[in-house]
Amino acid sequence: MSKKLQSIKGFYDVLPDKTPLWHFVEDKIREVLNLYAYEKINLPIVEPTSLFVDSVGTHTDIVEKEMYSWVDPLNEDQLTLRPEGTAGCVRAVIEHNLTYNGSIRLWYQGPMFRHENVQKGRQRQFNQVGVEAFGFSDPNIDAEQILLLARLWKALDIKDVELHINSIGDPEDRLTYRAELIRYFETHQDVLDEDAKRRLHQNPLRILDSKNPAMQTMIEGAPKLSEYLNTEAKAHFESVCGYLKEAGIPFTLNHRLVRGLDYYNRTVYEWVTHRLGSQGTIAGGGRYDYLIERLGGDKTPALGFGIGLERIILLLEDMGVVLQNEPNIYLVNVGDLAEKYALKLSETLRSHGLKVVLNSGGSSFKSQMKRADKSGAAFAVILGDDEMKEGVAQVKSLRVENQQSKIKLDELATFFLKQTS
């Protein structure tokens, strides 16, 4: 007996009953991004491994243990399935000199890959929308991207989300803070768990993100990065917060928020919900003013964010949102004349934007009507040889009892357009 075929752990199919909700979310995202004049860029899912090591950071969880990497046997290239999107977008901006004529706003969508512990809201292949802006240094763009997300939540009718925001300053600020943080944590070695001890001299800021209950009191007492910001970074963050207050966007100043990627500086933020348990971050981002220069381009201020689509879908489902992709019409056809004409009629109706399921494979009138009802269609168009001779079709409502009409064939499209308007 052959082994039952199954998808790889952490890699999931999106089945047809789920796709209407996915399309709804994706359409709303496109509509909102269009309002802010972001342009779509399509990026490869495979990049040189070095791109992520140099950008995301050697001592991040992603690079240390989560990347799907291999050596191409054809040419010995070291390759990686992208674990996040910003690095690839920056590579494209540098390679194609996209900022030659000035600032640019870009967005992309697609799968990302991380070898993580699989749980609700955390998969090994997951889908993100990434939004990046290059050439903007003013804090009003930081605020604008946050407002863009607030507008998206409104478009999706999502209310149970909170904005957490912080400033992690510039690299020099973090070097000073890092030394102070290490000194503080070294005095609490007895409280640190194994993961924190591993990070202590490599990436101590990530200890602030720990969810270990036994470490929370100690972490709360740690020095705050806000106390080490330079004058410009502090003024930048105050301006961002001022814009948000002016726009009426409530936020929580979260001193422990640092984000998990090395390229960030100054503004960082996350939109979180309590509906999804520990995987409550549905979008997050911030500034990365030094990344383009680090990867070989000209010094260019930049910022962006990512939206986790699976988590948005989970949140909407938790809110009770259900969408269906049902046809307008099921075309029942019985008899030789009707069967020959039915395909032409279905194409005519589709030309008017109507969604039509054409019964295929014959079968009795009773069987076809059962299929029509099961399809979810609002109406059955019944076409028999007698109707063909008369030049009409019977139109039966499948959702309202005792509602049936006889409509001329050349007036069917007009009839249905009135019904669906």
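Here is a short chat about how some labels for this predicted model were reached.

Modeller: Quick ground rules: it's a predicted model, so local features need pLDDT of at least 70, side-chain atom pairs count only at pLDDT 80 or more, and totals for chains, interfaces and linings use all residues. Residues are numbered from 1 along each chain as its sequence is written, and side-chain values use heavy atoms, with hydrogens and water left out.

Colleague: How many helices and strands does the protein chain have?

Modeller: 15 helices and 16 strands, taken as DSSP runs (H or I, at least four residues, for helices; E, at least two, for strands).

Colleague: Why is the protein chain called more spread out than a compact globule?

Modeller: The globule rule is 2.2 Å times the number of residues to the power 0.38, and the radius of gyration is taken over C-alpha atoms. For 421 residues the rule gives 22 Å, but the chain has 28 Å, well over that, so it gets the label. Its C-alpha atoms fill a box of roughly 90 × 60 × 45 Å along the principal axes.

Colleague: What makes C89 count as buried?

Modeller: Buried means under 20% relative accessible area (1.4 Å probe, protein chains only). C89 has 0% relative accessibility, so it counts as buried. C241 comes in at 9%, so that one is buried too. Across the protein chain, buried residues make up 48% of the 421.

Colleague: And how many disulfides are there?

Modeller: Zero by the rule, which asks for a pair of cysteine sulfur atoms within 2.5 Å.

Conventions. Buried < 20%, exposed > 50% of the residue type's maximum accessible area, 1.4 Å probe, protein only.
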